Amino acid sequence: MQPRNMSMSGVVDLAAVKAAGDAKAKAEQARAESVRQGGTGAVAPASLVIDVDEAGFETDVLQRSTEVPVVIDFWAEWCEPCKQLSPLLERLAAEYNGRFVLAKVDVDANQMLMQQFGIQGIPAVFAVVAGQALPLFQGAAPESQIRQTLDQLIQVGEERFGLTGITVDPDAGAGGEESEPAEVPAGPYDAQLEAAALALDDNDFAGAVQAYRSVLSDDPVNTEAKLGLAQAELLGRVAGMDPQQVRQEAAENPAEPVAQMAAADLDLVGGHVEDAFGRLVETVRRNAGDDRDAVRVRLLELFEVIGPDDPRVGAARTALARVLF
């Protein structure tokens, strides 16, 4: 199974924007559902370190990464440095207690995964967060450096994707009869939200927008619908753009609202979040009346795509307030 939506350089493309929002919404929904059911969603400590192959990559890594960052350790039995690094990573997975999951991939048995990740030598360590893959380090590394890298990974998972980790129950899996998981009743808008997500997967952005708006008409504060609507509208706007033409028009018309809003959309889906926000704040400063308000509203919509907890949103809100007042 080929890893999807990979961005080894960390660039946020269209798929990454959607994946980030999907992950954040799923994480929030899972936490809310757990509280509603009175459960913890806890896993056994043994679940923090798993062996992964090509057949299980979709479920064990990509899907799991929408709940918790997954660190991938590419190793082999003949690799001497692996024999020092792998036990260290396993110990850290236990110590971090659910803040990340360690997936171990034997490269001898999974050559296709090794090729798809572009690995030239082992040990090699990657992470997958919300379906997005990024390299962490290759070869042996001191424990202090590994800890720093893991801390940064966890911070990104929390701030950008709303991934707060999973709960570990030390008594889970200790023996006894396994109980059947409680069936979770469907929420009042699950069908509409699922329809919107399917529309996004099919690049039917208009259909997704309509579905999300239908939810918001009944529940104006629905977090998943608000986030999904902002994403669908952004993806719909960008899908038909000629990037070169948009950039040229924006450069030639530095104060023109429509040109700058289009360029800001491209900035955002290209991973240049601060550039997008800064461009629109400056355009607000340069304009007045309806033009100013239109740009302000677009900026608020882009805030929804990134999420209110992202520090870049907070900084841009402050900058916007300075030019408005």
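Start by selecting Val-49 and Leu-102: Val-49 stands opposite Leu-102 in strand E3. You are looking at a predicted model, where local features need pLDDT of at least 70, side-chain atom pairs count only at pLDDT 80 or more, and totals for chains, interfaces and linings use all residues. Residues are numbered from 1 along each chain as its sequence is written, and side-chain values use heavy atoms, leaving out hydrogens and water.

Now widen the selection to strand E1 (residues 49–51), which runs parallel to E3 and is joined to it by three bridges. Strands (E, at least two residues) and helices (H or I, at least four) are DSSP runs, numbered from the N terminus; two strands pair if DSSP finds at least two bridges between them.

Next, pick Val-70, which stands opposite Val-101 in E3. Val-70 belongs to strand E2 (residues 70–75), and six bridges join this parallel strand to E3.

Colour E3 (residues 101–106) itself: five of its six residues are buried, so the strand is largely enclosed by the rest of the structure. Buried here means under 20% relative accessible area (1.4 Å probe, protein chains only).

Then move to helices H3 (residues 80–96) and H5 (residues 143–161), which pack at about 45° with axes 12 Å apart. The axes are lines fitted to C-alpha atoms over the stretch in contact, with angles from 0 to 180 degrees between N-to-C directions.

To see the contact (heavy atoms within 4.5 Å), show side chains including Leu-85, Leu-88 and Arg-91 of H3, and Ile-146, Arg-147 and Asp-151 of H5. Which kinds of residue make up the contact of H3 with H5: nonpolar, polar or charged? Eight are nonpolar, none polar and five charged, with Leu, Ile and Tyr counted as nonpolar, and Asp, Glu and Arg as charged.

Note on methods
Buried means under 20% relative accessible area, exposed over 50%, partly exposed in between (1.4 Å probe, protein chains only).
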